[in-house]
Amino acid sequence: MQYLVRINQIVTQEQYDALQQVGLLPFKSVAEDSISIADIDEIIKDVIVEHLKVDRQAFTRTDRRMNNATARFFRSTYLYKYTSMTLQECGQYCGYNDHTSVIYSREQVEKLIELGKNAAVYRKYAVLADELDDTLKEQLSQKQIIGPKKMVPPLKHKEHEVII
């Protein structure tokens, strides 16, 4: 089944056909291979759960345990990076108080990735970042994101030199 999107409005094929008969066609067709922000969020959560060995409640808990906080940092950073959400929208979606939590999350993820390049103890974070990028690029290359895609400065993390 194909859905059609008009600025934040989704209609079924039947509704589209009815509008076509009347001559009202301000709609843009979106193929079935589109992906929503919730789908992207699930992909991100799956990769994080697999790599950090946290449970799915880590994303909703408000504790400050390292793994839970790190899982939330990566989630908000990659949601912001791969969707059209603003900082404020991303913060609200992730359950933060405001947009500054997303900014802080991005800073923490960049630091963890940098540490992962140079210290074996933190290498899992650089590997997680690479896996998130690879998985999301693969998934999103075949699908159209519903809503405009914004350009976000890329995180620097591809090289892995481990100092033991």
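**Close-up views of helices and salt bridges**

**View 1. A pair within helix α5.** E114 and K117 both sit in helix α5 (residues 100–118). They are three residues apart, about one turn of the helix. The model shown here is predicted. An α-helix has 3.6 residues a turn, so residues three or four places apart point the same way. E114 and K117 form a salt bridge, with their closest N and O atoms 3.4 Å apart. How exposed is E114? It is partly exposed, at 39% relative accessibility. K117 is buried, because its relative accessible area of 15% falls under the 20% cut-off. Elsewhere, salt bridges that share partners link D41, E42, K45, D46, R56 and R75 into one network.

View 2. E42 and K45 both belong to helix α2 (residues 37–52). Side chains of opposite charge can pair when their charged atoms come close. Here E42 forms a salt bridge with K45, and the closest N and O atoms are 3.9 Å apart. That counts because the cut-off for a salt bridge is 4 Å. K45 is buried, at 14%.

**View 3. Helix α2 from end to end.** Helix α2 has 16 residues. From its first C-alpha to its last, α2 reaches 22 Å, close to the 22 Å expected at 1.5 Å a residue. Which residues of α2 are buried? Among them are I40, I43, I44, V47, I48 and L52. The charged residues D41 and K45 are buried too. After α2 comes K53, whose phi is positive, near 55°.

**View 4. Helix α3, mostly covered.** Helix α3 has 17 residues. It reaches 24 Å from its first C-alpha to its last, close to the expected 24 Å. How many of its residues are buried? The count is 15 of 17, so α3 is mostly covered under the 20% cut-off for burial.

**View 5. Helix α3 against helix α6.** Helix α3 (residues 66–82) packs with helix α6 (residues 123–141) at an angle of about 35°. Their axes are 12 Å apart. The crossing is right-handed. On the α3 side, the contact is made by M66, N67, T70, F74, Y78, K81 and Y82. On the α6 side, it is made by K124, Y125, L128, A129, L132, D133, L136, K137 and L140. By class, this contact has ten nonpolar, two polar and four charged residues.

**View 6. The K81–D133 salt bridge.** The side chains of K81 and D133 meet in a salt bridge, 2.9 Å from N to O. K81 lies in α3 and D133 in α6, so the pair ties together parts that are 52 residues apart in sequence. Both partners are buried. How many salt bridges does the whole structure hold? A search finds ten.

**View 7. A129 in helix α6.** A129 lies in helix α6. Is A129 buried or exposed? It is buried, with a relative accessible area of 0%. A129 and Y78 are 51 residues apart along the chain. Their C-alpha atoms are separated by 8.9 Å.

Key. Residues numbered from 1 in each chain as written. Predicted model: local features only at pLDDT ≥ 70, side-chain atom pairs only at ≥ 80, totals over all residues. Heavy atoms only, no water. Axes fitted to C-alpha atoms, helices over the stretch in contact; angles between N-to-C directions. Helix = DSSP H or I, 4+ residues; strand = E, 2+ residues; numbered from the N terminus. Left-handed = near helix turned anticlockwise from the far one by under 90°. Contact = heavy atoms within 4.5 Å. Buried < 20%, exposed > 50% of the residue type's maximum accessible area, 1.4 Å probe, protein only. Expected span 1.5 Å × (residues − 1).
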